[in-house]
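I want to note, entry by entry, what I looked up and what I found.

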Amino acid sequence: MVKCQTSVERTVRRQAITLLSALFLLFFVQIISAAEKDAEQPVVAKRPQPVQTDSRRPLTAEELAANAKESVVSVTFAGRDGQQAGLGTGFVIGADGLVATNLHVIGEARPISVQFLNGKKYDVKEVYATDRQMDLAVLKIDAQALKPLPLAKPDSLKQGAEVIVLGNPQGLRYSVVKGVNSGSREIDGKPMIQLAIPIEPGNSGGPVLDSQGRVQGIVTLKSAVTRNLGYAVNISALKTLLEKPNPVPINRWLTIGTLDERIWKPLFGSRWRQRAGRIMVDGFGAGLGSRSLCVSQEALPELPYEIAVEVKLDEESGAAGLIFYSDENTKHYGFYPSNKNLRISRFDGPDVYLWRVLEEKKSNAYREGEWNQLKVRLEADRILCFVNDEQVFEIKDQRYTEGKVGLAKFRNTVASFKGFQVAPEIAPYRPSKETAQKIIDLTADLRVDRPPLEALIEQVVKDTNQNRAQQALQERARLLKKQAERLQELAQSIHERATREELKQQFAGKKEADIDLLSAALLVARLDNSEVQLKAYLSQVAGMVNEVQKSLPPKAAPQVKLEGLNQYLFRETGFHGSRTNYYSRSNSYINETIEDREGLPITLAVLYMEMGRRLGLDIEGVGLPGHFVVRVNSTDEKGQLIDVFEGGKTLSDEAARVIILSANGGRVDEEFLKAQPKKEIIKRMLRNLLNLARDSEDVKSMLRYVETMIAIDEELLQERWLRAVLRYQTGRITEAMVDADYLLEKSPEGFDLRRIQEFRTYLETVKQPD
């Protein structure tokens, strides 16, 4: 009886301390997040909207189609060969030439055109507005007196209401299909209308019309489960986009995702582009075997040297890999996977008679469907080819002994490349045998032996009741799944630790002027995405700065440089503040801000500051509560505040004080107008991510961001207390005790040391013996 009482008391106590720790967590995150979230959304003048129609009798599908047909267009973009490469739908929303569609319909870096039912075709002159997260785009064509479709009031479509969709399914232009609104859904944070309608390729971007001919949504995707179900973006997202457009002239649109011409030279067609540090290619090439090349323009070392790249094929029937000794035309060697084999070939010209496969074979080291590293070592008298560190070929062919290196793909292959490098010697791709064995020893209890399956079956059937054996095996499978998850968690923790150490070194012992804020911000993004490659993004930003410099006169004055920077970022390339999904984590990653040209005030400001610094401008960050701006000190108007989120608009000191007043409980604190050190800017970026993780109750991510903040600033005591609670919640009891002990020893003012001591005592009761 006493034992039962003790057990109950212990359970109640454990529940109480768990609740207490959760309250601590909420309380302290709220404290450190106060005045930190870049959540200020500006009030802007709205673009006149299409006239709304008056309520009237429901129209038939025939009447709706007849009324709308003049306003619905087919949208196409061209491939590198000038031929049509994609087909979707759009519809007129402005009499002066504005057409709405999906972003995925227009692709990237491609010429776009729209065609009306009467056959009139227009080239798109400007991409007026885009939103990647909502998959929306608004195009501008040179046309007047068009017939816009009226836009409905948001959320005015009732469940079960009949709708029609107009589009170009499977290339069948100007088709009409009837269905119903089966409900409103939120998919990946986006407001969507669920449609009981068959959606096919070509419908994307088409209008969803209610019974009065008003646009309620824009078709964006079909269900992966059933044919007669699709989804449309709610019209509210399009209206938000129109309130705050980000116009990009078509000549600048054609540069999105393109490779830096100083580094790469694509040949023979196909579509080569870059994103997230990867180079991707698709489409047929114009060379032999539909060959397409991407030749590196960087200087090469003296022989011997090595080249390497990681490659992944969408289909193993494809072929893509390395080239070397290239004349930047049709002559070169190639080493690549092809139809699940590995092949080294020599190309002596443009036709099949001048193509020779030197060797071809399978390799057990090649992992189908995964990333594989191809490496070639070029020596004076031989060529060595490796896949994942295993030598595959040794070739003595000496037809070519000099030339460029690069990438290639054949046929209709879709492939991705990452980690391209050239060096006298490239480090091994896989861990050494010693390292691998050490990991095996450290995780010995997680090992999975795999004798032949038939032998296992015979042994189990012979020695065990089959039903119980099946149950035991299922239990074992669950255990192994948990062990695999543990190994993944270990690998992620090692990645996080390495990134934190690298970020810490960005600040260690450096003067403020010597800190590379862009590299530090990229490392913050790499915490969550191990494939973020600093070199690729630093090179991309250097290319952007070079474009600005080319537009400036020699010895340009600071004010001219600033105007050139604003012109390039906001009026030519369309960088803008996020509008429809402000709290997406993507907006906090500067690599995605660079790629999508959209972000938070702080990510846009970091890019602006770093581009300005490379142009010779003195620009510093100013952390207003709830909004981040910059101050320019090197122009005629020294100390001018600029709101990068608002397209580079100037901000008076008085307007900045109004922001402080409204976000700071009616008090103006001049400290908010001072420049923030770069370390504080990075901590603020991490706090933004911490707040987002808290909102989604993602404790592991919260811990990741807090750990990183403390790594670069060990004096963060509130964050250390938060880390103690997070470590407890994720089962890292010993580490939580270390943080509690640290705080008890420091005894900082403003902390409830009694609660910390209670927490520390409780940790002793739940700590498992080593």
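Over the face of which ring does K418 lie? I looked it up and found K418 over the face of W371, at 4.4 Å from the ring centre. The rule I used is that a charge sits over a ring if NZ of Lys or CZ of Arg is within 6 Å of the ring centre and within 35 degrees of the ring normal. I then found R720 over the face of Y742, at 3.9 Å from the ring centre.

Ground rules. I remind myself that this is a predicted model, in which local features need pLDDT of at least 70 and side-chain atom pairs count only at pLDDT 80 or more, while totals for chains, interfaces and linings use all residues. Residues are numbered from 1 along each chain as its sequence is written, and side-chain values use heavy atoms, with hydrogens and water left out.

Overview. I noted 19 helices and 33 strands in the protein, where helices (H or I, at least four residues) and strands (E, at least two) are DSSP runs, numbered from the N terminus. Of its 770 residues, 50% count as buried; buried means under 20% relative accessible area, exposed over 50%, and partly exposed in between, with a 1.4 Å probe and protein chains only. Among the contacts (heavy atoms within 4.5 Å) with a separation of 6 or more, 65% are between residues 24 or more positions apart.

Aromatic pairs. A pair of aromatic rings is described by the distance of the centres and the angle of the planes. I searched the whole structure and came to 18 aromatic pairs, using the rule that rings of Phe, Tyr and Trp (its six-membered ring) pair if their centres lie within 6.5 Å, with planes under 30 degrees apart counted as stacked, over 60 as edge-to-face and the rest as tilted. W272 and F417 are a stacked pair, because their ring centres are 6.0 Å apart and their planes stand at 25°. W272 lies in strand β15 (residues 269-275) and F417 in strand β27 (residues 415-423), so this pair ties together parts that are 145 residues apart in sequence. Both W272 and F417 are buried.

I next looked at Y333 and Y400, which form an edge-to-face pair with 5.7 Å from centre to centre and 75° between the planes. Y333 belongs to strand β20 (residues 331-338), whereas Y400 is in the loop between β25 (390-395) and β26 (404-410), so the pair ties together parts 67 residues apart in sequence. Y333 and Y400 are buried too, and ring pairs link F324, Y325, Y333 and Y400 into a cluster.

I found N591 in helix α12 (residues 590-596), where N591 is buried with a relative accessible area of 3%. Leaving aside neighbours within four places in sequence, N591 is in contact with L522, A525, V532 and Y537.

How far apart are the end C-alpha atoms of helix α13 (residues 601-614)? They are 20 Å apart, which agrees with the 20 Å that its 14 residues should span at 1.5 Å a residue; the expected span is 1.5 Å times one less than the number of residues. Because 12 of the 14 residues of α13 are buried, this helix is largely enclosed by the rest of the structure. Just after α13, G616 takes a positive phi of about 90°.

Helix α14. A656 is placed in helix α14 (residues 653-663) and is buried, with a relative accessible area of 0%. Not counting residues up to four places away in sequence, A656 touches L624, L641, L651 and L673.

Using a 1 Å grid over the protein atoms alone, I call a cavity a set of points where a 1.4 Å probe fits but cannot get out, and a pocket an open set with protein on both sides within 12 Å along at least five of seven lines; lining residues have an atom within 4 Å of a point. Grid points are joined across faces, edges and corners, and a volume is the space filled by probe spheres set on the points. The second largest pocket holds about 640 Å³ of space. Of the 30 residues that line the second largest pocket, the closest to its centre are T255, T258, L259, D260 and E547. Helix α10 gives the most to this lining, with seven residues.
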